[in-house]
Amino acid sequence: MAYLTLKNINKIYPNGFHAVHDFNMEAERGEFIVFVGPSGCGKSTTLRMIAGLEDISKGEFLIDGELANNWGPRQREVAMVFQSYALYPNMTVYDNLAFGLNLQGVDEDVIEERVQKTAKILGLTDYLDRMPRALSGGQRQRVAVGRSIIRKVGIFLMDEPLSNLDAKQRVTMRSEITQIHRETGATTIYVTHDQTEAMTMADRIVVMKNGYVQQVGTPKEVYFNPVNMFVAGFIGEPPMNFIRRKVEKGCVTIGSSSLDLTGKLGEKAAEYEGKEIVFGFRPEAVVLGEQQDAYTISGMVELTEMLGDNANVYVDVDSDKVILKVTPHEIPEMDTEVAFSIPVESVYLFDGETENVI
Ligand code: ATP
């Protein structure tokens, strides 16, 4: 049985705003789930409903099969890490870590042992006597994480815990949190708007938009089999390229190329005749030049960006802007024409109206 079950969960705020619509998800014990989506899509609201900090307006929330809608945060056995570290400024790192256990009346020697163990996991042993103001952002965030993991809870909730850190610290903390998750085994729900965090950390990702779940899947599933243009464009960096065209005689014309989609559309080819579809491909799926079993398109190189291990090439195809990811040795000259091929299996077609994958 799933450890956490969210069944048709809705949130309607007192002002009438419907922030979350029919959210459905199950999490197994020990799973690392990431909620991802743009600002305002309802990630934090859902997390706060799981934490017991926000009422559930409609729907059922179960923990280990038991209806938990009306349980308080303590009964749910949750610990939460917020974006702002929320440390006590007048307490040492040791006392910040020990605080929750002290409240619970845990024995001093047990507290000492757990603080030392947590500090060791997080690399904070040398900082236990320091005040939070004498720590870097990354170290403060580690204390905040430590305060949650020290309590041995069943559910670990994190709301954008890395957003106050610089890029380098974020990468380090990302792997540290994954490591801590492995060691503690707590069922974790992690909120972020950063698709890289979602892809690198999650067992499963929940992609949200405007209060609606778009897709739930493993990082590979959402990357390789996005259900719609939103997910396809949100997951992956740079985002998937989209070219909108009308299907005529089974083909779309992109630049000087007429691309036959009948094979790709299969039985649905007739259905899309005369209608708009969106031709999608990832920047990293292209090969420069012509290729067998691929769609070849050409356009003008507008800009190139050398990134080190690869390069982005910005190409104008009939006023549609696309990005190609190439190796540093292949960077074409600016203001020249470039031909590129997309293997047939790497092309995604979306319904122009519903924007769902075809
Ligand atoms: P962010 O990444 O910016 O934190 P989010 O996806 O976590 O965004 P939420 O904080 O869950 O989004 O907010 C979802 C929507 O609900 C937003 O449009 C927000 O303005 C609205 N909202 C949040 N709290 C309230 C409230 N107390 N009353 C009314 N509307 C609210």
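Two strands count as paired here if DSSP finds at least two bridges between them. The model is predicted.

Q: Which strand does β16 join through six bridges?
A: Pairing needs at least two bridges. Strand β16 has six bridges to a strand at residues 311-317, running antiparallel. That strand is β17.

Q: What is the bridge partner of Thr304 in β17?
A: Strand β17 spans residues 311-317 and is antiparallel to β16. Within β17, Thr304 bridges to Val313.

Q: Which residue in the turn between β16 and β17 has a positive phi?
A: These two strands form a hairpin. Four residues lie between them. The turn residue with a phi of about 110 degrees is Gly308.

Q: How many bridges join β16 to β19?
A: Strand β16 covers residues 294-306, and β19 covers residues 337-343. The two run antiparallel. One of their bridges links Met300 to Glu337. The count of bridges joining the strands is seven.

Q: Which residue of β14 is the bridge partner of Arg245?
A: Strands β11 and β14 (residues 276-281) pair over six bridges. Their sense is antiparallel. In β14, the partner of Arg245 is Ile277.

Note on methods
Residues numbered from 1 in each chain as written. Predicted model: local features only at pLDDT ≥ 70, side-chain atom pairs only at ≥ 80, totals over all residues. Heavy atoms only, no water.
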